Each structure stands twice: as C-alpha cells, then as structure tokens.
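Let's learn to read two features of a protein structure, one step at a time. Have the picture open as you go.

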Amino acid sequence: MQTVIVSLRLADADIFANLDRFLQWFCAIVCDQLDIEADLADQWKPIFGSNYNCTHYFSQVLLPQLEQAVVIALDDVDVLFQHPAIAADVLGLLRAWCEKAKHSNDSTDEWYKLRLVVIHSTEVYIPLNQHQSPFNIGLSIELPEFTPQQVTEFAKRYELIWSAQQVKNLIALVGGKPNLIHLTLEWIASQGVNLETVLSEAVTAQGIYYEHLRQQFRLVHRHPALILLLKQVMTQPEPVKCPPLEGFQLESLGLVKLNNQAASPSCELYRQYLGEVLK
C-alpha cells in the first residue's frame with residue numbers, strides 16, 4: 001500500500017480557523033505526498049459545505065487516481081482537540097469515511113482503497129456522540145510502558161550497553177514511558193554524556209526533561225479544576241482518592257496511575273517536579 005503521514009503539528013495556527021481551510025489543507029497535504037495535482041478550486045463548491053466537498057474530492061478525484069490502496073496516518077490528532085469549533089466535524093468526517101471504506105469494494109466505489117490510522121496522545125474531552133466518534137470503531141491500541149528488557153534492547157539500538165542497574169535507575173525516575181526513555185537514549189547517544197549526569201540534573205533547568213516538564217505543567221493549567229487534586233497526588237505519601245472524571249483526565253495526561261480511583265504519580269520525575277512547582 002501507499003502511505004501518507006499527516007502530522008497536525010505541521011499546520012499553522014490559522015489552518016484551524018475554520019473547517020473549510022482545514023479540510024482543504026488536509027487534501028493538499030495528502031495530494032502532495034501522493035504526487036497528485038491538488039486542483040481544489042474547481043472541485044470545492046461552497047454551497048455543498050466543507051464535509052461534503054472533502055468527501056466528494058476524495059471519492060471523485062483523489063482515490064480514483066490510485067492504483068493501490070493508501071494508508072493515511074493522522075498523527076498528533078490531539079492538537080485538533082484544542083479547536084472544538086472544527087474538531088467534532090473533522091472527527092465525524094473520519095468516522096463516516098471509516099464506515100464507507102468498511103462497506104466498499106471494487107465493484108461499488110473507490111472507498112475500499114482507503115485505510116485510516118488516527119494517533120493521539122491524550123483522551124478526547126470534546127463532546128462527541130457515539131455515532132460521531134472515530135475512536136469506537138476499528139482496532140484501538142494503547143501504547144504500553146516499556147519493560148526493563150525492552151529498555152535494554154532499545155539502548156542497544158543506540159549502541160549503549162547498559163547494566164541491569166542502569167536500566168533500573170532510569171525506570172525508577174521516568175517509569176517505562178516510551179517518550180522519556182527515547183529522549184534519554186537519544187540524548188546520551190548524540191551528546192556523549194552518561195546516564196548518571198542525566199539523572200542528577202533531571203528536574204533542573206539544565207536537565208534534558210525540563211522542556212517536557214514545563215509542557216506538562218502548561219497542560220495542567222488548561223484544566224484549572226485539576227490543579228488542587230494534582231497537587232495532593234504529587235505531595236501526599238499515599239495514593240489520593242479521585243472523582244472519576246478528574247482521575248480519568250489526569251491519567252489520560254499521563255501524570256498519574258489509577259488503582260480503584262486512587263491516584264499516585266505515574267513516575268518519580270513528575271512527582272519531584274510537579275510536587276515542587278505546585279507548592
């Protein structure tokens with residue numbers, strides 16, 4: 001199959017200003033990666049509306065030009081959640097396309113050529129009914145945390161031969177979080193520093209995790225109702241009982257682990273940094 005990767009982080013802020021602009025940008029990106037001329041002007045009829053125009057463009061222009069199926073991977077879809085004015089329409093459109101592709105074949109229409117992969121790092125907080133969401137159809141895969149054996153193997157990919165104790169020390173700080181382990185290994189391999197230095201500077205402004213920690217702090221401040229609860233979780237020695245919704249939100253941000261609605265820090269790195277700044 002042909003593949004197209006569309007990261008929503010590549011879109012300028014004004015792309016999300018309205019649905020028409022976003023969907024035209026999306027069509028143009030897909031066409032560019034497939035080396036198809038994106039002749040949108042003649043195909044986009046304002047009277048039909050954005051979703052219809054985009055669907056018509058795929059079915060009548062883009063998909064018929066493909067000799068084989070295409071996988072379109074939409075990455076960083078959580079960026080879309082920050083734009084509720086268009087998010088529900090876009091996600092509903094993806095749902096409709098999934099249904100079209102599922103019930104299509106080469107004797108009916110061109111939708112059988114389409115495969116969609118939707119990648120996002122947090123849960124959806126915008127209101128979606130069950131018939132509008134693309135997240136309750138198809139196969140859902142949650143990326144698990146790395147085991148010590150996987151961290152050891154991952155380090156070898158960077159030509160780093162670590163002892164079991166070094167792997168244990170890293171996991172003790174960042175848990176098995178794939179993004180933080182990746183960041184650590186990449187930095188050590190490229191900069192020639194040792195793990196002990198990285199760990200000792202972990203929550204300082206000089207540390208490699210500092211920008212990530214600040215980003216997590218900014219995410220929390222988008223949800224003011226969570227701040228007091230998170231402060232309790234990060235500063236109390238025992239797990240803190242959470243209301244279901246707030247606990248779910250903190251868990252989906254990757255900041256806590258839940259056990260029977262009792263929350264504890266998801267890793268020592270977050271406990272140290274957030275416990276201090278939230279004071």
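**Reading cysteines and packed helices**

Q: What is a disulfide, and how many does a search of the whole structure find?

A: A disulfide is a covalent bond between the sulfur atoms of two cysteines. This model is predicted. A search of the whole structure finds 0 disulfides.

Q: Is C27 buried or exposed, and what about C54?

A: C27 is buried, and its relative accessible area is 0%. C54 is buried too, also with a relative accessible area of 0%.

Q: Now helices. How do I describe the packing of α9 and α11?

A: Two packed helices are described by the angle between their axes and the distance between the axes. Here, α9 spans residues 227–235 and α11 spans residues 268–277. Their angle is about 125°, and their axes are 9 Å apart. That angle makes α9 oblique to α11.

Q: Is the crossing of α9 and α11 left-handed or right-handed?

A: The crossing of these two helices is left-handed.

Q: Which residues make the contact?

A: From α9, look for L230, M234 and T235. From α11, look for Y270, R271, L274 and G275. By class, the contact of α9 with α11 has 4 nonpolar, 2 polar and 1 charged residues.

Terms used: Residues numbered from 1 in each chain as written. Predicted model: local features only at pLDDT ≥ 70, side-chain atom pairs only at ≥ 80, totals over all residues. Heavy atoms only, no water. Disulfide = S-S within 2.5 Å. Buried < 20%, exposed > 50% of the residue type's maximum accessible area, 1.4 Å probe, protein only. Axes fitted to C-alpha atoms, helices over the stretch in contact; angles between N-to-C directions. Helix = DSSP H or I, 4+ residues; strand = E, 2+ residues; numbered from the N terminus. Parallel < 35°, antiparallel > 145°, perpendicular 65-115°, else oblique. Left-handed = near helix turned anticlockwise from the far one by under 90°. Contact = heavy atoms within 4.5 Å. Nonpolar A, V, L, I, M, F, W, Y, C, P; charged D, E, K, R; others polar.
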